[in-house]
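Q: Hey, I've got a model open and I'm a bit lost. Can we go through it together?

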Amino acid sequence: MLRSIARVTAAHYHAEKCRRLTHPIAVVSSLLYPIGRVAVLMFLVQAVYQNRNPQNLLADYQSARIYILTSAFLTVTLGFNNAAVLAERIRSGLVVFDLVRPHSWMATNIGERLGPRLANLIAPVLAFLLGMSLAGYQQGPKYYLMITLMVPTIWSIEFLISYIIASITLSTQNSWGLGVALAWPQQLLSGAMVPLVLVPHGLRNLAYLTPFPCLLDLPIRAALGTVALMSALRIQVFWIITLGVCSKVLYHRNIVRIRINGG
Amino acid sequence: MFSYREDFLIGAVATGVFHLSSLSAVYLLFSIAGGINDWSPTDGVFLATVSSLRFALGKIGFWGLSALPRLIASGDLDRVLLYPCTPIPVLLLRDLDPLSVLDTAILLGTLVWSFPRCGLSTLSVIAFVVLMVLGLVATYGFMLLTVSLSFWAKVRNMFPQVFRVLWEFQPYPMTIYPTSLRVVLTWVVPIAVAVVIPVESLTSRTPILPASLIVGTAAVGHYVLGTVVFRVGLRRYESTGQ
């Protein structure tokens, strides 16, 4: 399995690098939307702190802004909301080619997602570091190291959620609808739309009944020091195991429904 | 989408979930602040709903324009020009999105829930509807302008993407942005003109007459500019692709 993942990842990494060389403008354009989102959130959070006594808020202003920058960086780098991409291959029938390959479907999908992500790492990393220094936030190496340490677990959880949605698509045609139905609650409950550090504890505890806060809120709070790293990793591992079991069960239940028609 | 009933239901649920999530985020943020710059959480949801409604109506009416850069790059604009009518209606109708009708229906429900109940008059409601229509005209004109630049762009026209990014600034009160950005979002790009100014005139934050002058001027200006640039670009179209 690991060897399959490595081979598929390497192939897609090299393909993506070649593609980027011929379309460098695509690198810039891919950062436009996240930069716009970050700018809007920064203005909104500034307005929140101007209108409400900062002492009545659950986090200080600097932490909230670091949260926004880091969540945007993680969203761009890890490429959330891949459910529709995975599911589209099933809906269109291209999954047939994946199933006849000498690699498992999961290994193929992991490699196809991971390779391009590694190839496109430089621009978001540079943009993130530039954004942090322009904003004057001098976080020590420990902050960046903790974020880096949690990237594999974040990516695993996001991939498994997408994989579960894709497996459900084996039973229905509407991959787009399933992807959208997942994507927006994911953005809301992970802290991408509203930093969960500002949300009342009751609502935050409700969000933590889902795996979505493990994608952004939990890693960022661990890096900021408000949550212990081992506690954060334990919660993430719990969700990885739970989602992994669900994805395996769903896949094996739904794969028998595939009818491959020739001719 | 319409082939199978369950697929349609999934699409409908997805659309509802999308709007519920985005409007909940707005309400939550405004509630945490206890209101932002005299906009209550309900006012914030109303503004965000109007913004989404403008987007949904745009998808019904003129989203087909977004295909123009791709058609120019591939040379497929020839097929559109072969139709026995002007190319604009063909572009507008080719990518008509019927699911946007569902979008609109859901948003109208939210609009009714969050509609301001105090300080309204018949004149302000009529002015709001008229200003929203003019705002749509301004958006159409500016969108036509940005996609028409593809007639000149040799590599890739990024203006439609930049315009799309600036839409993210739309669902929130303009008072949260610095003055320089507000000027850009009002007079250069029709962001405030399409949504915020009509809502401000409805809720008496801006008097109706100055709001009408700003929105009317922007609508006429962007429509004329967009149409002129499109026609000039069409004359230099060479059917060779890029």
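Q: Let's start with helix 3 of chain A: how many of its 18 residues are buried?
A: Before I answer, keep in mind that this is a predicted model. In helix 3 of chain A, 16 of the 18 residues are buried, so the rest of the structure largely encloses this helix.

Q: What span should helix 3 of chain A have, at 1.5 Å a residue?
A: Helix 3 of chain A covers residues 61-78 and should span 26 Å. The C-alpha atoms at its ends are 26 Å apart, which agrees with that expectation.

Q: And which residue follows helix 3 of chain A?
A: That's Gly79(A), and its phi is positive, near 65°.

Q: OK, new topic. How many residues of chain A are in contact with chain B?
A: On the chain A side there are 28 residues, and they are in contact with 33 residues of chain B.

Q: Which elements of chain A give two or more residues to that side?
A: Those are helix 2 (24-51) and helix 9 (175-190) of chain A. Helix 2 of chain A gives the most, with twelve residues.

Q: What classes of residue are on the side of chain A that touches chain B?
A: By class, you'll find 18 nonpolar, eight polar and two charged residues there.

Q: Now over to chain B. At what angle do the axes of helix 2 and helix 7 of chain B cross?
A: They cross at roughly 60°, and the axes come within 11 Å. Helix 2 of chain B is residues 41-61, while helix 7 of chain B is residues 122-148.

Q: Last one: where does Val80(B) lie?
A: Val80(B) lies in helix 4 of chain B, residues 77-81.

Q: Why does Val80(B) count as partly exposed?
A: Because Val80(B) has 18 C-beta neighbours inside 10 Å, and a residue needs 20 or more to be buried.

Q: And which residues is Val80(B) in contact with, leaving aside neighbours within four places in sequence?
A: Val80(B) is in contact with Leu71(B), Pro87(B), Val90(B) and Leu91(B).

Notes. Residues are numbered from 1 along each chain as its sequence is written. Chains are lettered from A and ligands numbered from 1 in the order in which they are written. This is a predicted model: local features need pLDDT of at least 70, side-chain atom pairs count only at pLDDT 80 or more; totals for chains, interfaces and linings use all residues. Two residues are in contact if their C-beta atoms, placed from the backbone, lie within 7 Å. Helices (H or I, at least four residues) and strands (E, at least two) are DSSP runs, numbered from the N terminus. Ala, Val, Leu, Ile, Met, Phe, Trp, Tyr, Cys and Pro count as nonpolar, Asp, Glu, Lys and Arg as charged, and the others, Gly among them, as polar. Axes are lines fitted to C-alpha atoms, for helices over the stretch in contact, and angles run from 0 to 180 degrees between N-to-C directions. The expected span of a helix is 1.5 Å times one less than its number of residues. A residue is buried if 20 or more other C-beta atoms lie within 10 Å of its own, exposed if 12 or fewer, and partly exposed in between; C-beta atoms are placed from the backbone.
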